[in-house]
Number of protein chains: 2
Amino acid sequence: MFETPHIHRRAMLAALVTSAAARLVLPPNPASAQDAPLPSWNEGAAKQAIVDFVRATTERSGSNYVPPEERIAAFDQDGTLWVEHPIYTQVIYCLDRVPAVVSKKPELKNVEPFKTVLSGDREAIARLSLRDLEKILVATLTGMTTEEFGAEARKWIETARDPRWKRLYTELTYQPMLEAMHYLRDNGYRTYIVTGGGQDFVRVYAEKVYGIPPEQVVGTAGATKYGYGEDGKPFLTKEPKLLLNDDKAGKVEGIHLMIGRRPAAAFGNSGGDRQMLEWTGAGAGARLKMLVLHDDAAREYAYGPALGLPNSKVGTFSQALFDEAKKSNWTVISMKNDWKRIFAFQ
Amino acid sequence: MFETPHIHRRAMLAALVTSAAARLVLPPNPASAQDAPLPSWNEGAAKQAIVDFVRATTERSGSNYVPPEERIAAFDQDGTLWVEHPIYTQVIYCLDRVPAVVSKKPELKNVEPFKTVLSGDREAIARLSLRDLEKILVATLTGMTTEEFGAEARKWIETARDPRWKRLYTELTYQPMLEAMHYLRDNGYRTYIVTGGGQDFVRVYAEKVYGIPPEQVVGTAGATKYGYGEDGKPFLTKEPKLLLNDDKAGKVEGIHLMIGRRPAAAFGNSGGDRQMLEWTGAGAGARLKMLVLHDDAAREYAYGPALGLPNSKVGTFSQALFDEAKKSNWTVISMKNDWKRIFAFQ
């Protein structure tokens, strides 16, 4: 200011007054700039929706106040917290596990779909039917104890790398969403993952990667069976029987089963999250309902009919979902416009 | 001390020294006597087991230290936290609901088992088969929305009284167990109910009665179905399809599904809790495994083969369970000897 001698006296006075007033309201805090919430979010409607929601629901005197025990925020995982395109990470895990399964059961070697997976022919693997995929999931996700499964999955998630970024899959989490989770938790929210992915799989890394403990992971879950080892020690075996298909309406049913409260905030990115957002929105008071739109082909991917692009094989942001979002006052997050950066490593 | 002039001088000196030392170690705290844990427990092996376990698992330097996120304590409900004899409280609820169900579906009026329930003939009702009971549970616990069920169950639990004590059923909770829950929570444990009872039913009152929030109630759970009302608002309907039979091995499967961690402490009272205690005990480090024995006919009830008494229709503390408890170092809580009082109102 003092380096600008021609500055208008009135403007200078105004600036001084404003600065003094600011100092009165906000005590000097060297960390405040750094601690500002959501640093990887651009200013805009999406960031503002999160900030407004948190303010409205935590102000004790406000009509939208939500008591701490009711502060539940639900996050879809694939496509909402980390990359889902062109194929779900857990499916890659299952494909990677096929050789180990076949080495234990050599009779599967020449049986489809295992034969195709073993061939390593990517084109052929991409053409596998849903039914084939199901056979692979059953063979690689069931039939072992929960401890064996946890150990295998942990080993894989700590070493496997994606082909595009050559990074661990857990590095392909969206930095702005990690910040949204932190911000909500800093304001008394408990963050839950509500995923179509396998509950046991996600629990392996959710605490380390998202700060979300196993009991706050709701996912597709199979039955387990209690038994005893030769040493008399009990164990649980993962059975090929579906208990909870945590997708679409199943997400709301899973929330009821596992949490028993209606979330106040929900984040998704596809038709699989529609009912969860509807359920969240149907509660009283301020509600946060957000959908991540994959519109950033350069930094991540762009897909979905809402963009006039073909569907991904995975998440489907259809025109119908886009229309419901508009009608129901859900906030669409544009990865391209709302996020300063996508990944922490960028 | 000063009222005993003949006291030995050395003993008096020792007492003074001890008292001074105590004053040095423990700063004067007028609330300390009142805050002593487990006031309704008599001194003895059971109380000591709880205190020792808490000390061992919360001492940071100890080899049995359990980090806060792993501090999970699981409690059976019926017969462990409140009276289960001669009939589970939830079954009384279901019987009480029959007239309302029949008034909506008059065609059931002359159909068994509804006819018998409507007759009010206690003897005949007591003779109903398990299959009959199942029909009553399905008719009274399913077919309505989760909100309708919650409202009905809440109304009942806040007014219905048991015939022996003329008290609300929620007053028939065991004061020593409420204190054990508080003591564990004061030491960083999260307390879960793991009950064969209905998850939706117990969640109605668990927060108020036990301080246990809905997401920490694991119980027998049925499927729900997502749908929309005429106003477009979504709701969940309780379906007559069992998802989780949270009893015996099902308790361990339920713990895996809903918590995803092995409890460090578990409390039960019957064969339905055997696997949960085994599972808890199979983990490393200090483990607390306790069984409530109903041996107090005067203040509550006495039943079970372990006492040479016939089984209750409900919880069954068999000789085999007693033997396993002995072999596996589980602690049996004698209601008669270990508890100063059973209920808060006594």
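Tutor: One aromatic cluster is formed by Trp82(A), Tyr93(A), Phe149(A), Trp156(A), Tyr169(A), Phe201(A), Tyr205(A) and Tyr210(A). This is a predicted model, where local features need pLDDT of at least 70, side-chain atom pairs count only at pLDDT 80 or more, and totals for chains, interfaces and linings use all residues. Residues are numbered from 1 along each chain as its sequence is written, chains are lettered from A in the order in which they are written, and side-chain values use heavy atoms, leaving out hydrogens and water.

Student: How many aromatic pairs are there over all chains?
Tutor: There are 38. Rings of Phe, Tyr and Trp (its six-membered ring) pair if their centres lie within 6.5 Å; planes under 30 degrees apart are stacked, over 60 edge-to-face, the rest tilted.

Student: Why is the pair of Tyr93(A) and Phe149(A) edge-to-face?
Tutor: Because their planes are at 90°, with the ring centres 6.2 Å apart.

Student: And are those two buried or exposed?
Tutor: Both Tyr93(A) and Phe149(A) are buried. Buried means under 20% relative accessible area, exposed over 50%, partly exposed in between (1.4 Å probe, protein chains only).

Student: New topic: what kind of pair do Phe343(A) and Phe345(A) form?
Tutor: A stacked one, 5.1 Å centre to centre with 10° between the planes. Phe343(A) is buried at 0% relative accessible area, while Phe345(A) is partly exposed at 25%.

Student: What lies over the face of Phe345(A)?
Tutor: Arg167(A), at 4.1 Å from the ring centre. A charge sits over a ring if NZ of Lys or CZ of Arg is within 6 Å of the ring centre and within 35 degrees of the ring normal.
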